[in-house]
Amino acid sequence: MEKLIVTGGTKLEGRIKVSGAKNAVLPIIAASLLAEGECHLQDIPQLADVDTITQVIKSIGVKVSTTGNKDLVLNAGELTSSEPPEEWVRKMRASFLVMGPLLARLGHARISMPGGCNIGSRPIDLHLKGLTALGADIQMSHGIIECSAKKLVGSRVYLDFPSVGATENIMMAASRAEGTTVIENAAEEPEIVDLANFINGMGGRVYGAGTNIIRIEGVPRLKGANHTVIPDRIEAGTYMIMAAAAGGDVLVENVISDHLKPAMAKLAETGVTIDEEDSGVRVRSRGRGDAIDVKTLPYPGFPTDMQAQMMAYLTTARGTSVVTETVFENRFMHVNELRRMGSNIVIEGHSAVVKGVSRLTGAPVKASDLRAGAALIIAGLVAEGKTEICSIHHIDRGYEDLVVKLTGIGVDIKRKVYPDEVEK
Ligand code: UD1
């Protein structure tokens, strides 16, 4: 078993560079299936999730290569199958993003239902509602979804919730449908805009991405394109919260500060000094901040993917904070682990009431999902002594070169192998 060992009490100082956005790369790699030509993608983070989606597209005939410099060259000229193997699809929910492109390209896709997840039931009804509106016939049996369409025809789709994945899947399918598709109540996340820019670079016609109404004029063919992926706003926000919690002076580089407005505003409310500089966002903090209330919402609201990290910071704030989760039904798995470290948190429905304590104490804890894992590192920074985090494969899904990067700003963090212990 591998663990992360964090020793608390150090102030953070220096510069830390953010990688390309995981949640932009995954749909963009799926979208490369739409093009007959070669796609060159830059700023690709080396992460387990990126590896998974790459394996998914390889398994259906995409030729994948790299020059070794954080890039990927993808050629989907000849697809050999519309049925990616279950072993890869079940590993990661985002694998389902190949459904829309496969349907558009081959008129058929057979994909296993996305696997269970620790942060709520996460259905795919909105993905299927959109694809059905475009003319797909959908059959479900034995955990497999089979989708077919002789041709896709543009349509109007209203999303009951602005789902990121459903917006992406529908956008990709619609980009090669006949006629115009309008997605109403679409997700507005920056990753949607990045995907739209990539599709348009391939010759697509997507308008309005970044607003809640997206219009897609279908085209018969898409060609290869070059694209550089946007920086990861969740990774950036995580480092900003780390600096706020531990105290110090950190410049988070390679960010689009517009994407970080909610995190910057909430950190400033806690008393942290945030400055937008030419090369990034600078965070200066004395450590323990003031309690605040936080409510997660679809973009441009406060991101659910930063909720756990923010809560970890607030465990030692002065006063009582209320953290409300509205995007996912069950995203408080980190609370029990934070309690093991001495925090005072009570869950009331969709809210967690966090009474700030003066300090946490290091303890053995378990990362239940990616962002919960990041939260435990933050808690470890403000804890007395050592925090041992297990199940760190979750953290590897979303933070490239984490130990090297964090060590660079003064975090006392080590990765250690325990040959005699096995993951339970
Ligand atoms: C994406 C992000 C994830 C982030 C989430 C919300 C990727 C790869 N992942 O996930 O990190 O936490 O957005 O910002 O980009 N829902 C339905 N029916 C559907 C689809 C979703 O009810 O068909 C619900 C979900 O259960 C959830 C909410 O909508 O409660 C948000 O999900 P969604 O926006 O789809 O998240 P993902 O695209 O899975």
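**Notebook: ligand site and domain contact**

I began with where the ligand sits: domain 1 (2-19 + 231-417) and domain 2 (22-228) both contribute residues to the shell around the ligand, so it lies between them. I note at the outset that I am working from a predicted model, and that the two domains come from a domain assignment of the protein chain.

**Entry: the shell around the ligand**

I looked up which residues surround the ligand and found 19 of them, with Asp 125, Leu 126, Ser 163, Asp 305 and Val 327 listed as the closest.

For Asn 23, an N or O atom of the side chain is 3.1 Å from a ligand oxygen, while for Arg 93 the distance from a polar side-chain atom to an oxygen of the ligand is 3.0 Å. For Ser 163, I read 2.6 Å between a side-chain N or O atom and an oxygen atom of the ligand. On its own the ligand would expose 740 Å², and the protein buries 86% of that area.

Which elements give two or more residues to the shell around the ligand? I find helix 1 (22-31), helix 5 (125-133) and helix 6 (164-174), and it is helix 5 that provides the largest share, with 3 residues.

**Entry: the contact between the domains**

I next turned to the two domains themselves, whose centres, taken over C-alpha atoms, are separated by 30 Å. Their contact draws on 24 residues from domain 1 and 20 residues from domain 2. Between them, domain 1 and domain 2 bury about 1800 Å², and 52% of this area is on carbon and sulfur atoms. On the domain 1 side, I noted Tyr 299, Arg 397 and Glu 400, which together supply 31% of the area that domain 1 buries against domain 2, more than any other three residues.

I placed Pro 300 in the loop between strand 17 (294-295) and helix 10 (307-314).

Which residue has a positive phi although it is not a glycine? I recorded Asp 43, with a phi of about 65°, and I located Asp 43 in the loop that runs between strand 3 (38-42) and helix 2 (48-59).

How values were computed. Residues numbered from 1 in each chain as written. Predicted model: local features only at pLDDT ≥ 70, side-chain atom pairs only at ≥ 80, totals over all residues. Heavy atoms only, no water. Near = heavy atom within 4 Å. Polar contact = N/O pair within 3.5 Å; in protein donor to acceptor, adjacent residues only side chain to side chain. Areas by Shrake-Rupley, 256 points an atom, 1.4 Å probe, with all protein chains shown as cover. Helix = DSSP H or I, 4+ residues; strand = E, 2+ residues; numbered from the N terminus. Domains from an automatic or database assignment. Contact = heavy atoms within 4.5 Å. Buried area = accessible area lost by both parts, 1.4 Å probe.
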